[in-house]
Amino acid sequence: MEINLNQTIQETNGAIVIGLSEDIKDLKNFDTLDAYFNGNLVDAIESGVLSTKLGEVKTTGALLQTEYRKIITVGLGPSDTLTRLNMQEALGKVFQFIAKDGRDAAFELSSFVVDSDEFFYDIGLMSEISTYEVYSHKSREDKDLNVSFIGEVNAEALSDGMIEGRAINFARDFSEMPPNELYPETFAHLIVEEFEKKSNVTIDVKDDKTLEEEGYGLITAVGKGSRKGPRLVTLTYKHPEFDGKAVALVGKGITYDSGGYSLKPRNGMVGMKYDMSGAANVLGMLKTLVDQEVKTHVVAIVALAENMVTGDANRPDDVYFSKKGLSVEVTNTDAEGRLVLADAVYEATTYDPVVIMDFATLTGAVIGALGMDRTGLFTNKDRIFTLPILESSITTGEKLWHLPMDELEDKAVRATDSADLVNSNLKQPYGGASFAASFIEKFVEDYPWLHFDIAGTSGFNKPNAYGPKGASGVMIRTVLDYIKTGKAYD
């Protein structure tokens, strides 16, 4: 969509978009809005032609001077209880309608009750993410739509919202790419292509030979079953006006997961292209911070590998040495994500970060515990340490739930006679998300650490105001709030 700012109704074309709150008759600008409907606004609502129900979109027409214009309305509910998330939902629904309708539209800003930086940021954000089209090779017609605004716009906030929205869609595109196109080498190439010309960003890419030579034994073990070797990509962004320590973001990037010799069933493999969504979402976080020129310091590390089956692939009973030096017995080759994350989070410790956060489609167990709508959160600190990130999740509406991890999992992770650690708990089929988190925790060197298991939330299982069925870009908005508000440094 092309956005035009600060226009009058005479300068706009196409439909006019109006927000309708339940108490619209009490608003100061009621007479202005009523004029769009030739004095019949209340009657149209009471008769059901229009609706004030939150997110419900209706259409009608009006004769403005000598020109007939389509009117698109979206319900806002009661104005005194209208939250930021409610407004995002309403904006998402109306942007989706505009995109489907295929005609230009102009927002009558005075009808949307609020006039704040957050409101304009969210217009920009929702204009991008709500209308995201899933990356595919299906033929489709490009729609060249113009959206304009009647009234004064905060252009900077609007632009920043659009930047974040485009970064989320950037991450979604990675998650949706087929694995014959996106594998470690091509993924690393696309990352370099995106970030190499960005200001204040440095990039380091370790290929399979370098990883093996430098002792990243766990990433190497997972990746050696594929002809397409693994990569470890590190991007460092430091704004010149920021002197603080780095926030480390680490992403699991298994571009395809067959399960290895612990082979997944046929139906279990479908959708395993999404097993790199943690890495994709970390890149979306970084892209937003870089493109918005946020005054911060972030290190983003993505561990990229394919988990395949060949004569060279790792096997149950194998023992490998991590970059940290700890030995690991493999009892389940389908528990590969925690292996690549172990080397990657240890790499993050070398940057002396203020906090390490890792993101991974890690376990089916977290779905069993929390369902598809909550991300599992683990930490090596106390519950108080999680409060700021939980506050950010409430702000964005991305649901988080703090799950346990203590001496029970620590004992289980060490329960092997063959190595320092074991990568799966064959004796106990339950609590797998906590076991996996405890395994990763052994590599964070006591740095403050948050682990996000996004196995259930990495994709939308049905369309909603934030986009279509498919990759969701989960935790991007929450982590951005956590960093940009300074909570990550408190």
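Residues are numbered from 1 along each chain as its sequence is written, and side-chain values use heavy atoms, leaving out hydrogens and water. Because the model is predicted, local features need pLDDT of at least 70 and side-chain atom pairs count only at pLDDT 80 or more, while totals for chains, interfaces and linings use all residues.

Aromatic pairs were searched for across the whole structure, and eleven were found. Rings of Phe, Tyr and Trp (its six-membered ring) pair if their centres lie within 6.5 Å; planes under 30 degrees apart count as stacked, over 60 as edge-to-face and the rest as tilted. Phe119 and Phe120 form an edge-to-face pair, with 5.2 Å between centres and 65 degrees between planes. Phe119 and Phe120 are both buried. Buried means under 20% relative accessible area, exposed over 50%, and partly exposed in between (1.4 Å probe, protein chains only). Phe119 and Phe120 also belong to one aromatic cluster with Phe95, Phe107, Phe112 and Phe149.

Phe242 and Tyr489 form a tilted pair, at 5.2 Å centre to centre and 55 degrees between the planes. This pair links distant parts of the chain, 247 residues apart. Phe242 lies in the loop between β8 (231-238) and β9, and Tyr489 in the segment after α16 (476-484). Helices (H or I, at least four residues) and strands (E, at least two) are DSSP runs, numbered from the N terminus. Phe242 is buried, at 16% relative accessible area. Tyr489 has 25% relative accessibility and so counts as partly exposed.

Charges also sit over rings. The criterion is NZ of Lys or CZ of Arg within 6 Å of the ring centre and within 35 degrees of the ring normal. Lys228 lies over the face of Tyr183, 4.3 Å from the ring centre. Arg374 takes up such a position over Trp401, at 5.8 Å from the ring centre.

Salt bridges number 28 in a search of the whole structure. Each is a side-chain nitrogen of Lys or Arg within 4 Å of a carboxyl oxygen of Asp or Glu. Arg69 bridges to Glu67, with the closest N and O atoms 3.5 Å apart. Arg69 is buried, with a relative accessible area of 4%. Glu67 is partly exposed, at 41%.

Lys287 forms a salt bridge with Glu194, where the closest N and O atoms are 2.8 Å apart. The partners come from distant parts of the chain, 93 residues apart: Lys287 from helix α10 (residues 277-291) and Glu194 from helix α6 (residues 184-195). Lys287 is buried at 11% relative accessibility. Glu194 is partly exposed at 22%.

Asp352 and Lys245 meet in a salt bridge at 3.4 Å, N to O. Asp352 lies in the loop between α11 (337-349) and β13 (355-360) and Lys245 in the loop between β8 and β9, so the pair ties together parts 107 residues apart in sequence. Asp352 is partly exposed at 34% relative accessibility. Lys245 is partly exposed at 46%.

Contacts were listed for individual residues, leaving out residues up to four places away in sequence. Contact means heavy atoms within 4.5 Å. Glu128 belongs to helix α4 (residues 117-129). Glu128 is buried, at 15% relative accessible area. Its contacts are Met162, Gly165, Arg166 and Asn169.

Ser458 sits in the loop between β17 (449-453) and β18 (459-460). Ser458 is buried, with a relative accessible area of 11%. Beyond residues up to four places away in sequence, Ser458 touches Ser277, Thr361, Gly470, Ala471, Ser472, Gly473 and Val474.

Leu390 is part of helix α13 (residues 383-396). With the same exclusion of residues up to four places away in sequence, Leu390 touches Leu377 and Leu400. The C-alpha atoms of Leu390 and Trp401 are separated by 8.2 Å, and these residues are eleven apart along the chain.

On the surface, Tyr261, Leu263 and Val309 form a nonpolar patch, with about 270 Å² of accessible area together. Patches are made of residues with over 30% relative accessible area and no salt bridge; like charges are joined within 9 Å, and nonpolar side chains (Val, Leu, Ile, Met, Phe, Trp, Tyr) within 5 Å. Accessible areas come from the Shrake-Rupley method with a 1.4 Å probe, and for residues only the protein chains shown count as cover. Leu263 is found in the loop between β9 (247-257) and α9 (266-269).
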